[in-house]
Amino acid sequence: MIIGAGFAGYRAARTLARLTRDRADITLLNPTDYFLYLPLLPQVAAGVLEARRVTVSLPGTLRGVRLVLGEADGVDLDARTVHYSDPEGGAGSLGYDRLVLAVGSVNKLLPIPGVAEHAHGFRGLPEALYLRDHVTRQVELASAEDDPARSAARCTFVVVGAGYTGTEVAAQLQMLTDRLARRHPLPGGVRPRWLLLDVAPRVLPELDERLSRTADRVLRARGVDVRMGTSVKEATRDGVLLTDGEFVASRTLVWCVGVRPDPLVETVGQPLERGRLIVDPYLQLPGRTDVFACGDAAAVPDLERPGEFTPMTAQHAWRQGRVAAENVAGSLGLGRRRRPYRHRDLGFAVDLGGVQAAANPFGVPLSGPAAGAVTRGYHLAALPGNRIRVTADWLLDALLPRQGVQLGLVRAWSVPLDTASPELARVPDGSQRPSAQAGDEPMTAESTHKPEPERRTAAEPGKNQPGGEPAKNQPGGEPAKNQPGGEPARSRPGGEPSAGGPDHPAPGPVKRTDTPDPADRD
């Protein structure tokens with residue numbers, strides 16, 4: 001039994017299926033039927049790639065693995081049972097002989113006033129689709145404003161967190177808004193404005209300083225207002241108050257400060273390190289030879305740095321998934337002997353949009369088009385599928401104008417920042433409809449909508465830090481590092497009013513008020 005199909009879970013399932021060759025029953029429990037390649041999610045939000053390009057079908061690529069759609073609610077280690085809820089609200093349980101916990105991570109919250117209500121993360125596909133629509137809508141609405149100040153507020157976008165994800169989000173979407181502004185002239189000479197904030201002293205603080213300098217130079221050259229040593233003190237409907245005392249009028253707040261382990265980890269009842277399950281170098285829970293954990297859910301000893309744990313990155317998750325599968329197969333007598341997890345950094349790559357990137361493959365620092373080629377080559381090699389489709393989208397984006405349209409598929413209230421399931425858009429039931437707010441479009445409708453209870457209890461955020469300290473200093477989680485897909489959540493404040501409420505009920509069945517013609521019944 002494998003819980004989770006992120007980088008660790010997907011790799012574990014694929015490796016285990018290859019090693020056992022139908023000699024073991026492998027079950028994968030996951031809320032969606034796809035593996036999401038997170039590193040390319042900013043390009044989905046920017047309209048470079050279509051959403052399905054970064055998703056890889058689980059049934060289509062994991063032959064010999066049984067997929068069960070659902071979210072794990074709890075694990076009974078003594079009874080060897082996993083309890084879960086399916087997408088339609090039903091409950092079930094699954095037994096196991098070996099368990100691999102690879103549930104990943106969710107958005108990291110800080111107790112800063114207004115952030116949970118007015119910001120959105122960037123951890124799942126619904127959030128990326130929402131941000132794309134929201135940014136497009138703000139530019140279109142700004143072009144119709146008579147007041148330049150109101151137009152400027154709509155065209156001001158704030159990204160908090162200058163790690164891997166926040167940097168890419170700001171870089172990719174800044175290019176998108178510039179293109180949109182050329183099609184929708186803004187009043188009074190207003191131009192789209194992007195702010196990238198972080199309490200760290202430099203952009204990409206977890207990466208090599210040369211990569212940091214390259215990213216900083218590219219962002220500033222494009223007009224992004226990069227402010228280090230600065231964060232959000234309070235978020236409101238009309239903008240954000242910064243820790244330096246400045247109030248920035250804005251309708252968009254993207255939260256990319258970090259991630260925390262999935263709340264399911266806390267329910268297991270085993271020792272934790274900053275919210276992650278403590279495992280031995282073989283990825284096993286101490287005293288539980290039948291339970292393995294890997295990826296962001298596990299605190300894995302770093303054998304290259306004694307006394308430390310491996311960071312929450314996609315590179316580590318991908319490699320740990322393979323080792324976990326090999327050790328599971330070995331424990332069943334179906335593979336090689338078990339081995340400890342060791343790693344060697346191969347370098348990192350940050351796509352800054354267009355032909356710009358920063359990379360250091362095997363420690364060689366690169367920038368400009370050379371880094372861009374290496375970065376895209378790395379992503380194509382790492383993608384488990386869709387390589388031709390992704391390449392085709394990149395070519396089309398280079399040759400044709402990008403489509404700037406709203407699809408309206410995801411509403412603000414359906415992608416709250418505080419959620420244990422960022423991979424799923426929230427769907428209200430009939431008794432809990434979001435209510436619309438009158439007047440200007442709020443940063444989010446979350447403050448007027450009390451969503452249905454989470455199936456899993458989200459962990460409480462850490463103690464408040466003056467000005468909002470990054471997630472890595474909060475108990476129960478650490479920021480995702482620069483690696484592909486590893487980083488956390490990014491947020492953007494919701495933009496459109498909710499679709500429901502007393503005056504605007506949520507869409508539902510339409511009742512006929514006329515009398516049907518008997519002849520129509522056939």
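I take a patch as residues with over 30% relative accessible area and no salt bridge, joining like charges within 9 Å and nonpolar side chains (Val, Leu, Ile, Met, Phe, Trp, Tyr) within 5 Å. A salt bridge is a Lys or Arg side-chain nitrogen within 4 Å of an Asp or Glu carboxyl oxygen; areas are Shrake-Rupley with a 1.4 Å probe, and for residues only the protein chains shown count as cover.

The model is predicted: local features need pLDDT of at least 70 and side-chain atom pairs pLDDT 80 or more, while totals for chains, interfaces and linings use all residues. Numbering runs from 1 along each chain as its sequence is written, and side-chain values use heavy atoms, without hydrogens and water.

I looked up the surface: Leu396, Leu399 and Leu400 make a nonpolar patch with about 330 Å² of accessible area together. Leu400 sits in the segment after helix 12 (387-399); helices are DSSP runs (H or I, at least four residues), numbered from the N terminus.

Next, helix packing. I found helix 1 (residues 7-20) against helix 10 (residues 314-331) at about 35 degrees, axes 7 Å apart; axes are lines fitted to C-alpha atoms over the stretch in contact, with angles from 0 to 180 degrees between N-to-C directions. Helix 5 (residues 125-143) packs on helix 7 (residues 164-183) at about 35 degrees, axes 10 Å apart.

Terms used:
Helix = DSSP H or I, 4+ residues; strand = E, 2+ residues; numbered from the N terminus.
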